[in-house]
Every structure is written in structure tokens, then in C-alpha cells.
Amino acid sequence: MGRRNSCTIYVGNLPGDIREREVEDLFYKYGCIVDIDLKIPPRPPGYAFVEFEDPRDADDAIYGRDGYDFDGCRLRVELAHGGRAQSYSYDRPSSFSNGRRGGVSRRSEFRVMVDGLPSSASWQDLKDHMRRAGDVCFSDVYREGGATVGVVDYTNYDDMKYAIRKLDDTEFRNAFSRAYIRVRQYDARSRSRSRSLSYLRSRSYSRSVSRSPLPVDERSGHAAIWGLLP
């Protein structure tokens, strides 16, 4: 078997709407990836060939991901015997979601909030930083109250807790800026209260604007109507 074959794995039973970036997310932790060749047939499941730089990384990826439950699909991961020209029979997924997902959009309950991000931070920058703690399956960055806030989902509880311990109060960098960030477990209740308070503040502001003083001539007109002026 050639060196290239020993470095390339076959990944079967992938969701039919998976993206190459999501395949990379599955396997980047096992070593340097040289190439990903994703195949999406007319009918699911899809499959891919992932080539590593080192055959030992390919072995680790097979050990770690064969049988892995990915979005309801039990992955089949093995060495790509015979190279990419060989045709593989498709595995039927245990279940298949018809929901469309653009890029990285698989969510989980193992979520952290990231505060203190610079305004130039993107979801890709955040994901790269938070990967240091484990498997990230989703990341997003948005503006809230003049601050830049991030949300990151991990694939498991242990990685989420490790991210809080390891990455809280660490320096975040991208090509434009750097800042020290705070990482905490996501609290849906506090987020709801924060949004509600923000909404109430905006409503209060709107009402105060609507109650701005009338021009002098209009005040005189209204007062005359009520008999307050001679």
C-alpha cells in the first residue's frame, strides 16, 4: 500500500447537506489535513476522503471517529483501500435531517458565552481561538449594547467545562486587534432578562421621545381649547 493510501481515510454515512468545513471540524484535531474530497450524491448519505500528512494521524482519526454519531448519522471511517478511484457502497443513515444548514450550524446544549471580544472579531476567529479547548460545533459573533459578544457550542460537556477553565481571561487575537476575553457558561435565563431589559429601555426611550414638548404655538392652541388661556 502506498504512503498516500495509508494517509487517506474514507468517511461514509455523512449527512447529505454537510459542508467541507464541517468535515474538517470532525478531523482537524487528529493531525494536519492535506486534502478533503467531499462527495455528495443525488441521494444521501454523502462520503468523503480525508488525507492526513502522517499515517499515524489517519489511524487516530479512524479510532476516534468510526461509529461516531454525527447529527444523527453513525459515521463509517476506515482506511481508503485502493485510493479514491474505488467506489464505495453507501451506508444508509440511522436518521436524516432535511433541515438546511449553511456552513457550521450544528448546535448543542454545551454552550459558552464570550465577552470582551474586539469589534473586528469574526465567528471564524472566535472558533479558532476556542478550538484550543476541544471540539467546537458552532460559533457566532454579534453586537449587543455596543459590545461584541460571542456564542460557542462544544460537542460535549467536558470540552465546554475545560474551555471555561482554560480560556477564561486569555488573550484573543486576530489580524486586526487583540483583547482579553471572559468565558462563562451560557445562561438562557439571564440572556432572556438582558434582552427584555434592553427592549424595555428602548420602549421607554421611544415613549419619552413621543412626549417631547410641543412648539409654543401648538401649546397655546391646546391650552385655548381647554380654556386655560384668556
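**A ring cluster and the sheet around it**

Guide: Welcome! In this predicted model, Tyr10, Tyr47 and Phe49 are linked into a cluster by ring pairs.

Visitor: What makes Tyr10 and Tyr47 an aromatic pair that is tilted?

Guide: Ring centres must lie within 6.5 Å to pair, and those of Tyr10 and Tyr47 are 5.9 Å apart. Planes under 30 degrees apart would be stacked and over 60 edge-to-face; the angle here is 40°, so the pair counts as tilted.

Visitor: Which parts does this pair tie together?

Guide: Tyr10 belongs to strand E1 and Tyr47 to strand E3, so the link joins parts 37 residues apart in sequence.

Visitor: Why is Tyr10 called buried?

Guide: Buried means under 20% relative accessible area. Tyr10 has 1%, so it is buried. Tyr47, at 16%, also falls under that cut-off, so it is buried too.

Visitor: Why do strands E2 and E6 stand at the edges?

Guide: The open sheet runs in the order E2-E3-E1-E6, with antiparallel pairing. E2 and E6 each have a single partner strand, so one side of each lacks a neighbour in the sheet.

Visitor: How do you know that E1 and E6 pair?

Guide: Pairing needs at least two bridges, and E1 and E6 have four, so they pair, in the antiparallel sense. Tyr10 stands opposite Glu78 in E6.

Visitor: What makes Arg65 sit over the ring of Tyr68?

Guide: The charge must be within 6 Å of the ring centre and within 35 degrees of the ring normal. The charged end of Arg65 is 4.2 Å from the centre of the Tyr68 ring and is listed as sitting over it.

Conventions: Residues numbered from 1 in each chain as written. Predicted model: local features only at pLDDT ≥ 70, side-chain atom pairs only at ≥ 80, totals over all residues. Heavy atoms only, no water. Helix = DSSP H or I, 4+ residues; strand = E, 2+ residues; numbered from the N terminus. Phe/Tyr/Trp six-rings, centres within 6.5 Å; stacked < 30°, edge-to-face > 60°. Buried < 20%, exposed > 50% of the residue type's maximum accessible area, 1.4 Å probe, protein only.
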